[in-house]
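Here are my notes from going through this one.

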Amino acid sequence: MSKLIDRFGRHIDYLRLSLTDRCDLRCSYCMPKGFRDFEEPEHWLTFDELERLIGIFARIGVGRVRITGGEPLLRRNLPELAGRLSALPGLRDLSLSTNATQLDRHADALKQAGISRINVSLDSLKAERFAKICGRDSYSKVMSGLLAAKSAGFAPIKINMVAMKGENDDEIDNMVEFCHEHGFILRLIEAMPMGDTGRNTQYLDLQPIADRLKHKYGLIEHSTPLGAGPARYLGSADGQFNVGFITPISQHFCATCNRVRLSVDGTLYMCLGQEERYEFRPLLRGGARDAEIEAAIRDAIELKPERHEFREQPLKLVRFMSMTGG
Ligand code: SAM
Ligand code: SF4
């Protein structure tokens with residue numbers, strides 16, 4: 001079966017799967033306070049539909065899937081779905097991105113269901129500031145979720161911190177030390193202008209931050225990439241500690257983009273920062289055969305744009321990250 005190669009020669013082997021556009025937090029750069037325009041439950045792809053569609057992706061080389069949202073732990077019976085997906089032939093790696101508010105209850109079941117890796121969003125180590133950035137007083141729940149994931153055996157756990165000028169950039173060093181102490185991998189992320197929330201966030205250029213951390217902590221650049229995503233990593237000489245930098249704005253990585261995103265209603269988005277998309281729900285609910293769905297996936301990949309235009313057209317995108325699936 002031939003691989004999925006787009007018009008620019010990129011091999012698409014990674015899918016981010018959003019299981020809900022809802023969330024129990026309201027991070028200032030992601031979902032606006034008071035937002036209500038959620039997808040209707042009857043439009044959510046069912047577990048049967050997801051298992052079938054992801055199975056077809058996996059058969060044509062999309063061997064890695066990350067479950068995300070919105071907050072994926074809000075989707076009822078998530079461990080059941082994770083178990084069904086991780087058993088699919090061709091699926092080599094099933095991972096999860098979460099805000100961890102409910103992870104303490106689900107960590108063991110997710111591990112048993114075959115989730116191999118977990119990323120947790122954490123923008124501050126100060127409870128009050130966490131509440132200000134994330135819109136809810138959930139810091140202690142996130143901490144217990146993180147520790148539960150650690151004791152369930154997830155390793156390494158990655159911590160995603162959106163670095164914002166004047167909001168939490170004074171905590172970057174504390175976060176480096178916190179992650180070092182717990183054996184977590186820290187990834188610093190530049191805020192993207194997705195929707196008004198993303199646009200109103202004070203973007204912080206991470207290049208100078210990387211230089212500073214390199215000197216302060218004696219970090220070195222990895223000669224081979226760590227992980228298959230867009231993060232560039234600096235690590236300690238003994239290999240025990242790594243910090244990643246995700247720099248969609250200061251240094252975009254579109255030339256090596258290997259991913260597409262499926263939203264909860266079955267829309268496949270080709271790029272976080274562009275409008276190209278393909279609707280799979282009508283096919284799944286309209287009796288399409290597997291071969292037709294596979295052909296549709298190949299047609300969709302043809303639509304993948306060369307790059308985002310966050311810098312050139314920052315006003316372009318009205319979707320929030322939680323709608324596409326981050
Ligand atoms: N709720 C889960 C979480 O927060 O990890 C999963 C979904 S969330 C949309 C996925 C990631 O997108 C998070 O790490 C979040 O920080 C990031 N994100 C959301 N809006 C963003 C923006 N405007 N710019 C950069 N990253 C953003
Ligand atoms: Fe929710 Fe994640 Fe968006 Fe924060 S970043 S509002 S936790 S979906």
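Which residues do ring pairs link into a cluster? They are Phe 57, Tyr 278 and Phe 280.

Some housekeeping first: this is a predicted model, where local features need pLDDT of at least 70, side-chain atom pairs count only at pLDDT 80 or more, and totals for chains, interfaces and linings use all residues. Residues are numbered from 1 along each chain as its sequence is written, chains are lettered from A and ligands numbered from 1 in the order in which they are written, and side-chain values use heavy atoms, with hydrogens and water left out.

1. Aromatic pairs. Searching the whole structure turns up five of them. Rings of Phe, Tyr and Trp (its six-membered ring) pair if their centres lie within 6.5 Å; planes under 30 degrees apart are stacked, over 60 edge-to-face, and the rest tilted. Phe 57 and Phe 280 have ring centres 6.4 Å apart and planes at 55°, so this pair is tilted. It ties together distant parts of the chain, with Phe 57 in helix α1 (residues 47-59) and Phe 280 in the loop between β12 (277-279) and α9 (281-285), 223 residues apart. Helices (H or I, at least four residues) and strands (E, at least two) are DSSP runs, numbered from the N terminus.

2. (Buried is under 20% relative accessible area, exposed over 50%, partly exposed in between, with a 1.4 Å probe and protein chains only.)

3. Helix α5. Residues 139-151 make up this 13-residue helix, which reaches 19 Å from first C-alpha to last, close to the 18 Å expected (1.5 Å times one less than the number of residues). Its buried residues, including Tyr 139, Met 143 and Leu 146, pack against α3 (103-112), β4 (117-121), α4 (127-134), β5 (158-163) and α6 (172-182). After α5 comes Gly 153, with a positive phi near 100°.

4. His 182. This residue lies in helix α6. Neighbours within four places in sequence aside, His 182 is in contact (heavy atoms within 4.5 Å) with Leu 147 and Lys 150.

5. Ligand 2. Around it are Cys 23, Leu 25, Cys 27, Cys 30, Gly 70 and Asn 99, counting residues with a heavy atom within 4 Å.
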